[in-house]
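Okay everyone, thanks for coming. Have a look at what's on the screen, and then I'll talk you through the ligand site and a hairpin.

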Amino acid sequence: MNEDLNLKSSVGVVGAGIQGVCSSIYLIKKGFKVTLIDREDPGKQSASYGNAGHFSPYASVPMNRPDILLDVPSMLLNSTGPLALKWNYVPKMIPWFLKFIKNCSSKNMMHTAKYMHQILDLAIPAYDELFEDINIEGLVENKGIMYFWTDKDLKSRELEIRIRNELGVKQQILTPHEIHDLEPHIKQIYHGGIFYSNARHARNPKKILLKLFDLFIKKGGKFEKKDVKKINFSTDEKPIIQTELGSFHFDKAVIACGAFSKKLTDQVDENIPLDTERGYHVHFKGHDHLLSRPVIFLNRGFGITPMEQGLRVVGTVEFGGLKNPPSKKRILNLVNNAKYLFPELKEYQDEWLGFRPTLPDFLPVLGPSKNHKNLFYSFGHHHLGWTLGAISGKIISNMIAEENTNLNLTPYNSKRFS
Ligand SMILES: Cc1cc2nc3c(=O)[nH]c(=O)nc-3n(C[C@H](O)[C@H](O)[C@H](O)COP(=O)(O)OP(=O)(O)OC[C@H]3O[C@@H](n4cnc5c(N)ncnc54)[C@H](O)[C@@H]3O)c2cc1C
């Protein structure tokens, strides 16, 4: 399809998180008439607002790995650890857990790693295309991302390091001395670390999202602040997006509602096992000078990113669905972990709970609906949805424009759950 043909086609994109906004820009660049619909103002409280801001092109090794199952009980019992459950949600999550366990074989782990790597490798160049049109000065830093650990109670990092080497990911093992040179303010509790020099970080993910949103509007995009209730189809299979305040007719539509996408996909007769890994952040205002780049303390599974808001302390994987209230215990856990590394930290602000959209095989869903050729999906990017915003948007726009990407996109199709 060429741009002139696209000009006649309208696309409705539901969800103005990083996935929806990036898809909308790439679509409008191809000549489509695009309307973005969200029940909130863009980036209000979504995952795309509160994430750790890592652009992590190296992060191809998934959570579904053979050794994780043995670790889960001790992780749940460890009060300073990264994993938590809302017990009232466990019965609802059992089908997801069973599928997750099935995906923890070496073969499935390598399948996910390969196809995460395929898109992660293109993630930063895709953002750079979008950043050409906005001013990101002071908002994106190219200083890499550092992980560190103590030997105590930590399983070997060897598996991840080996797989990343096999995939050609650039990584540098660090000695304690090198960790100190990179980040001299962290308490010197560590025994080893690893540095990903080509990773970047956002100093304010919401500001970047809003700049991209403004670019979309400047290019002629329309925004409707509406709550989408349902997607119907006309007799010629065109999507009709029903909101609480009327319906919108389009030639094509994209569902990009992050962890909330399942409500809409269930209604179009797809059984996609999307659930959420809840995560939290707090800010220590005025302390961002303590770090130059994001750091992750692996023993306790949390990270700290220097941002405009101060130090953003981010972490926890909590299985508890979309409706349970936040857990004060998890927030205090993050606060205490941050104070462990930086004893000078005192008061914190801005408790935030966010929803990572996660499929049990840790691959996103990108592509056309199983049942409706004019409906497309872009969700399920779990811990990496911020990193993968631009490349997923580019892929979705290629698919809608019926252009070849030279990528194998079958592994991301929703049909894998049929
Ligand atoms: C604690 C935490 C830390 C993270 N850190 C990182 C990181 O450092 N790097 C990284 O790459 N990723 C990170 N992630 C993951 C990343 O933030 C998410 O994968 C990504 O933001 C998901 O983007 P999205 O656009 O799919 O969804 P969202 O950002 O959740 O946006 C979905 C949008 O859809 C809208 N919506 C939902 N339902 C409807 C409806 N019915 N009608 C209208 N609108 C609707 C919502 O209002 C929202 O605006 C983190 C996530 C969390 C929770």
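**Around the ligand**

So, β19 gives the most to the shell around the ligand, with 4 residues. Helices here (H or I, at least four residues) and strands (E, at least two) are DSSP runs, numbered from the N terminus. This is a predicted model, where local features need pLDDT of at least 70, side-chain atom pairs count only at pLDDT 80 or more, and totals for chains, interfaces and linings use all residues. Residues are numbered from 1 along each chain as its sequence is written, and side-chain values use heavy atoms, with hydrogens and water left out.

Which residues come nearest to the ligand? Of the 35 around it, they're D38, S48, H382, H383 and T387; "around" means one heavy atom within 4 Å. By class, that shell has 14 nonpolar, 15 polar and 6 charged residues. Charged means Asp, Glu, Lys and Arg; nonpolar means Ala, Val, Leu, Ile, Met, Phe, Trp, Tyr, Cys and Pro; the others, Gly among them, are polar.

Now some polar contacts, meaning pairs of N or O atoms within 3.5 Å. A backbone N or O atom of R39 sits 3.2 Å from a ligand nitrogen atom, while D227 puts a polar side-chain atom 3.5 Å from a nitrogen atom of the ligand.

**The hairpin**

Okay, over to β11 (residues 228-233) and β12 (residues 239-243): they pair in the antiparallel sense over 5 bridges, and pairing takes at least two DSSP bridges. K230 stands opposite Q242 in β12. There are 5 residues between the strands, and in this hairpin E237 takes a positive phi near 70°.

Methods: Polar contact = N/O pair within 3.5 Å; in protein donor to acceptor, adjacent residues only side chain to side chain.
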